[in-house]
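I opened a new page today to look up a few things in a protein structure. These are my notes, in the order I made them.

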Amino acid sequence: MSFLPPKISKEDNEELSDYVNRLYEYYLLELKTEDFNYFGLFIYHNTEPDVENKDGGFWHIITKDFYKEEAGRVGSNKRRTVELPCKADNGMMVCEHICRTFHKYDPYRLNEVKYSDEKIADPRFICLNRCERISWIKAIIKEAEKHPKKFKIWEKKVRTQQINTHIWYEEEDFLVVLGRWKDESKFNMITSFVTNYTGKRRQCEKDYDKYLKNGCNPI
């Protein structure tokens with residue numbers, strides 16, 4: 001019997017905005033609570049950029065990047081529109097939605113979304129594949145505490161002061177990423193998503209193997 005709870009799927013006749021509101025209710029009740037922690041360390045969410053009076057951390061969980069950085073490019077050519085996983089290799093085998101919301105609901109483009117320092121946020125679009133698995137996040141974190149061998153877990157340096165903990169449930173191709181800054185006694189909920197395309201799975205395997213070879217120290 002799986003430890004994972006049912007997905008929170010969009011109903012056939014449900015307006016997407018109503019669905020998002022329903023997901024946000026779940027987020028407030030289950031993920032923005034004192035018992036949302038990993039090995040006793042509280043997991044907090046970013047509140048910016050606020051969109052439709054909903055935390056930026058919430059939007060990051062249920063949306064996908066509109067742009068992808070291109071190494072070696074500068075200026076206006078540095079970024080390009082993302083290649084959607086549902087159009088690559090076996091993505092459609094995992095995601096039945098085929099990004100049909102891509103042009104219908106893009107919360108970061110409803111208006112100019114800014115952080116409190118006036119920096120403009122990069123656009124993101126709703127991903128139903130991520131939306132419906134919001135109910136898996138807490139369950140995976142708690143199961144990883146009790147039965148870590150079910151998962152591939154590794155730590156990776158992002159900046160000098162930040163280390164991200166990756167919890168990959170390979171059986172369901174789902175990854176949860178928690179961030180922790182040096183000397184902090186808490187985690188930041190960075191992101192979560194389905195690793196439903198070959199490139200991402202290869203990267204996860206590569207990082208995990210490198211972590212083991214590094215004596216289970218951050219890579």
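Before anything else, a term: I count a contact when heavy atoms lie within 4.5 Å. With that, I found that residues 24 or more positions apart account for 57% of the contacts in the protein with a separation of 6 or more.

A note on what I'm looking at: this is a predicted model, where local features need pLDDT of at least 70 and side-chain atom pairs count only at pLDDT 80 or more, while totals for chains, interfaces and linings use all residues. Residues are numbered from 1 along each chain as its sequence is written, and side-chain values use heavy atoms, with hydrogens and water left out.

**Overall count.** I listed six helices and ten strands. Both are DSSP runs numbered from the N terminus: helices are H or I with at least four residues, strands are E with at least two. Next I checked burial (buried is under 20% relative accessible area, exposed over 50%, partly exposed in between, with a 1.4 Å probe and protein chains only). Of the 219 residues, 46% count as buried.

**Helix H6.** I picked H6, residues 198-213, and checked its length. Its 16 residues reach 22 Å from first C-alpha to last, close to the 22 Å expected at 1.5 Å a residue. That expected span is 1.5 Å times one less than the number of residues.

Which residues of H6 are buried? I got Cys-204, Asp-207, Tyr-208 and Tyr-211. Seen down the axis of H6, these buried residues fall within an arc of 95 degrees, so they line one face of the helix. The arc is taken from the directions from the helix axis to the C-beta atoms.

What covers the buried residues of H6? The cover includes strands S7 (152-159), S8 (162-169) and S9 (174-181). After H6 comes Gly-215, with a positive phi near 70 degrees.

**Strands S7 and S8.** I followed up on two of those strands. S7 and S8 pair in the antiparallel sense over seven bridges; strands pair if DSSP finds at least two bridges between them. A hairpin of two residues joins S7 to S8. Lys-156 stands opposite Asn-164 in S8.

**Glu-34.** Last, I looked at the loop between helix H1 (16-31) and strand S1 (37-38), where Glu-34 is found. Is Glu-34 buried or exposed? Glu-34 counts as exposed because its relative accessibility is 76%.
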